[in-house]
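Let's walk through this one from the protein–protein contact to the DNA. Have the viewer open and follow along.

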There are 2 protein chains.
Amino acid sequence: MLTERQRAILQAVVELYIRSAEPVGSRTIARLSGMRLSPATIRNEMADLEEMGYLEQPHTSAGRVPSHKGYRYYVDHLLLTESVNAEWVKALKARFHQRYAEIDETLRQTASLLSELTHYAVVALGPEVFTTRLVKLEFVPLGDGRAVAVLVTDSGHVEHKLVELPPQLSSEELRNLVEMVNAELKGTPVAALTQKIFQLLARVMESNREVYLRVQRFFEDLLAPSGETKLIVDGTREMLSLPEFRDVDRVRELLRLFEEGEPLFRVLRGAADGVRVHIGLEQDLGLDSPVSLVTTTVAFGSDLRTTIGIIGPTRMDYAKTVGLLSALSDIFDTWGEPGR
Amino acid sequence: MLTERQRAILQAVVELYIRSAEPVGSRTIARLSGMRLSPATIRNEMADLEEMGYLEQPHTSAGRVPSHKGYRYYVDHLLLTESVNAEWVKALKARFHQRYAEIDETLRQTASLLSELTHYAVVALGPEVFTTRLVKLEFVPLGDGRAVAVLVTDSGHVEHKLVELPPQLSSEELRNLVEMVNAELKGTPVAALTQKIFQLLARVMESNREVYLRVQRFFEDLLAPSGETKLIVDGTREMLSLPEFRDVDRVRELLRLFEEGEPLFRVLRGAADGVRVHIGLEQDLGLDSPVSLVTTTVAFGSDLRTTIGIIGPTRMDYAKTVGLLSALSDIFDTWGEPGR
DNA sequence: GTTAGCACTCTCTATATCCGAGTGCTAACA
DNA sequence: TGTTAGCACTCGGATATAGAGAGTGCTAAC
């Protein structure tokens, strides 16, 4: 259990370190924090805090730096979430008021704005479309045995794919089939589509087993999630001005992380609902540089959900970041209700 | 006019500098190049080459480095284009044999492969769709006054956009309109589409001036090139291992360039047909780091054209890069003929 | 419990020094 | 006349050294 004074000192260390990126000494705290205490006293407390694992010393005779445990305590008990600038909230909301935009695009723009506001990098899971529903499936023949298949969902999302038509299937038959799919499966959640189509096919085509198999394969290909969920990344550039990334090797690592995506996927997928602070992800992400991630998992209306994360140095400005993502969550929540 | 020996020396300087990134001294050339000459003789020649502007000295008592003029001469007169690894050609061709893929995707994959092969960054202009033709225009109503407009071209390209339906237009009327567009304008080049639609509208709706204007505005919006041509970028990461980018500031510049796009657009758009070598683009691109660009402008069949460029340090491996892009051009050319 | 004082530690910066690679020039050589 | 050996000179980069500054822990006094 920490005393009131220890908490105050821990808070001061964290906040000063966040601002300066330099180890914080007892002098500095004595001067800048309101406490009427001498450096010596603060030194004693800091020694205790270190022993308890909240602070670390890069080397003897340097100031202190928060440990992961220290950050954790700070975030969980000492953080006063900043109420977000009204200006910013307005800017965020603006992203949603242009209803023309596709969800993907909205998300991309949000990411871009967030990185601009925080000066950190932003990652977002492309929205999962599991629960969106089919509005229309269409084939547009191109004339040389190929066609474009276009699939429109009720969220306004469009998937399209160039397909080779199975030669066994006359264009007449295909047209009938598609008409039937549209008539009978409109409103079906996209996730269940493949299965439903198979059932439909089985019913219609039981006569001709061989063609059935071909056509089944064909739809299977068509509906296979085209390139698994995308990762949206923005603001890589912002990270480069941080002292943590003064070294090009660090930058290279970071770019690799963003290009590769896999480790980020894992972390984002694993993030619990609401705004969460993940401190010290360097191991999980395979980086040498100390980074933290603040995530929020939000729902777009009742159909879609996505996770947005802000990646910064471990000494990132948690107050601002958490505040911003909370505000964003609220906007998402209230936005889902009226229309979509 | 350069003597045979001077050309040999210039070539040696360029090639050694490309390999080592270090200024090249007379000793090195005497040792490594086949010429049976002493360093002293080579020094004399190098002094002459410097006076003629082909070489530069970073400082007295360093070796020589090629000037832009030197590179130019090398590329224009001394370059033996490497015949490309059969393996690579195969890999490139493979990108085109999956006819399912959309052009955009093909291009993206090609860029990715090129950057992997060269270890430089690759930029490509999203293909210009000016000459592709309309195959089908479709509106899929979503039910709350919005609809998805889907436009399919004969190259298999799909554009889609969420639109708000003009309330003055009944869905009945819209359906008729779209049907008419499809019936009458199928095969129209996309570039001419807006104008054609206006003519059609004018003919059909002359009775109701006010609605006409609304609907015109609506189509205008719809067909406005959605977000000007895209820039495809890949392989930024590769650049980071080059000594030219050991400094983070340089990296930051580079990332900004790729994010911003505008200067790159200008250069790529301005590139003449065929394989071209642009030496020393640092001014044009607003960089401090010395970079060159090798471009090729290729046609996809008769309909589309695009420019692909490889950006590397000015001391990039021109032989390899030019060879690779030549091979790519050939593949594009022969590929355009059969099907599409 | 708090604080002043002090010796000590360690990093960082600036300065001096040295080494090596490379040059230009001169004079000798074929 | 072109080529080469020799040599003094230059300059950047690496290495060593000293000193400043910031911060600590500990002791002893308040």
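Putting chain B and chain A together buries about 3,400 Å², meaning the accessible area (1.4 Å probe) that the two parts lose, summed over both. Carbon and sulfur atoms give 61% of that area. This is a predicted model, where local features need pLDDT of at least 70, side-chain atom pairs count only at pLDDT 80 or more, and totals for chains, interfaces and linings use all residues. Residues are numbered from 1 along each chain as its sequence is written, chains are lettered from A and ligands numbered from 1 in the order written, and side-chain values use heavy atoms, with hydrogens and water left out.

The contact (heavy atoms within 4.5 Å) takes 37 residues from chain B and 36 from chain A. Across it the rule finds 4 salt bridges, each a side-chain nitrogen of Lys or Arg within 4 Å of a carboxyl oxygen of Asp or Glu. A:Arg237 forms a salt bridge with B:Glu259, the closest N and O atoms being 2.9 Å apart. On chain B's side, H11(B) gives the most, with 6 residues; helices here are DSSP runs of H or I, at least four residues, numbered from the N terminus.

Now the DNA. Around DNA strand C sit 20 residues, counted when a heavy atom lies within 4 Å; A:Arg5 and B:Arg64 are among the closest.

Key
Helix = DSSP H or I, 4+ residues; strand = E, 2+ residues; numbered from the N terminus.
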